[in-house]
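Here is a short report on a ligand and the pocket around it. Keep the structure open as you read.

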Amino acid sequence: MNEKYRILSNDIKMPSIGFGTYKSGNDEDTAKIVKYALEVGYRQIDTASFYGNEVGVGKGIKESGIKREEIFLVTKLWNDDHGYENTIKAFNKSLEKLQVNYIDLYLIHWPNKLNAETWRAFEYLYKIGKVKAIGVCNFKIGHLEELKATAEIMPMVNQVEIHPLSSKDTLLDYCNKNNIQLVAWSPIMRGKVFSNESIIALAEKYKKTIAEIILRWHIQRGVIPIPKSSNEERIKENIDIFDFEISREDMNIIDSLNEGDNVSVSGVPENTNYLDF
Ligand SMILES: NC(=O)c1ccc[n+]([C@@H]2O[C@H](COP(=O)([O-])OP(=O)(O)OC[C@H]3O[C@@H](n4cnc5c(N)ncnc54)[C@H](OP(=O)(O)O)[C@@H]3O)[C@@H](O)[C@H]2O)c1
């Protein structure tokens, strides 16, 4: 098996690590780091209409000179844009800002009372080939089960906050059984993971940085991490994780740091009120 890709339920190849772009700065800054990330080997770029940086991401992709079809581009539908017609409109706006004519993976950013209707628009965009795969973010098992009742096509991906302090084992198990690929946002806990003693010891043992240990842990669990950095050295460091393997015993050490599903480094957007599952 090629570790650099995961195969989604519809047989689409998704790079096993992505480049996050939340808080990537203005269009120029964003274009610069996206171009750099592509140059050093990232092939998945994660953005969202909410990040306000789709123009910069599109510019970075163009300036990289890398063929569109070699890049796996992810963007998301924001909370204010739910509903069938609104989704189509928001999607077209994203295409325009990104200066592309298709998206590889389109995601619902947060669960919403209008999930079912929005999802019909996602299925339509998928069927007409404007998106290669469709998915959701921040869906708990209850949200996925609810969607199952009305969906014709189930999400291929669920992107949620996952890191050693919140490993979401039950959700991972559910997603594996239902052929839904999990993607980890805040995979290195926005840098907070760096003070943990056990992880520091593992970094010394494997002669890797702490970020690399954590990112490798995600890969070995079959979860796709999408670390963000605006620093060239760290952008490069974060993708240098395919030349070593963490032993089962050491994976268990990281697994044991889990403090539960509700541990979060981010907080939840205020207008998200449909998270009660
Ligand atoms: N679907 C959702 O609801 C959702 C929510 C949040 C995020 N996301 C996506 O997930 C991506 C990643 O999550 P995130 O940005 O919240 O957190 P993250 O990737 O866990 O952490 C990013 C932070 O860690 C620092 N950092 C990066 N690499 C480092 C390294 N090797 N050593 C030390 N520090 C390092 C970065 O600073 P520097 O920039 O200075 O390197 C930045 O402050 C986002 O960018 C976004 O694309 C999705």
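How many Å separate an oxygen atom of the ligand from an N or O atom in the side chain of Arg234? The distance is 2.6 Å. Met189 uses its backbone instead, with a polar atom 3.3 Å from a ligand oxygen.

The model is predicted, so local features need pLDDT of at least 70 and side-chain atom pairs pLDDT 80 or more, while totals for chains, interfaces and linings use all residues. Residues are numbered from 1 along each chain as its sequence is written, and side-chain values use heavy atoms, without hydrogens and water.

## The shell

Helices here are DSSP runs (H or I) of at least four residues, numbered from the N terminus.

## The pocket

The ligand takes up the space of the largest pocket. A pocket is an open set of points on a 1 Å grid over the protein atoms alone, where a 1.4 Å probe fits, with protein on both sides within 12 Å along at least five of seven lines. A molecule sits in it if more than half of its atoms lie within 2 Å of its grid points.

The lining has 34 residues (an atom within 4 Å of a point). Tyr22, Trp185, Ser186, Arg190 and Lys228 lie nearest the pocket's centre. H9 again gives the largest share, 3 residues.

How values were computed: Polar contact = N/O pair within 3.5 Å; in protein donor to acceptor, adjacent residues only side chain to side chain. Helix = DSSP H or I, 4+ residues; strand = E, 2+ residues; numbered from the N terminus.
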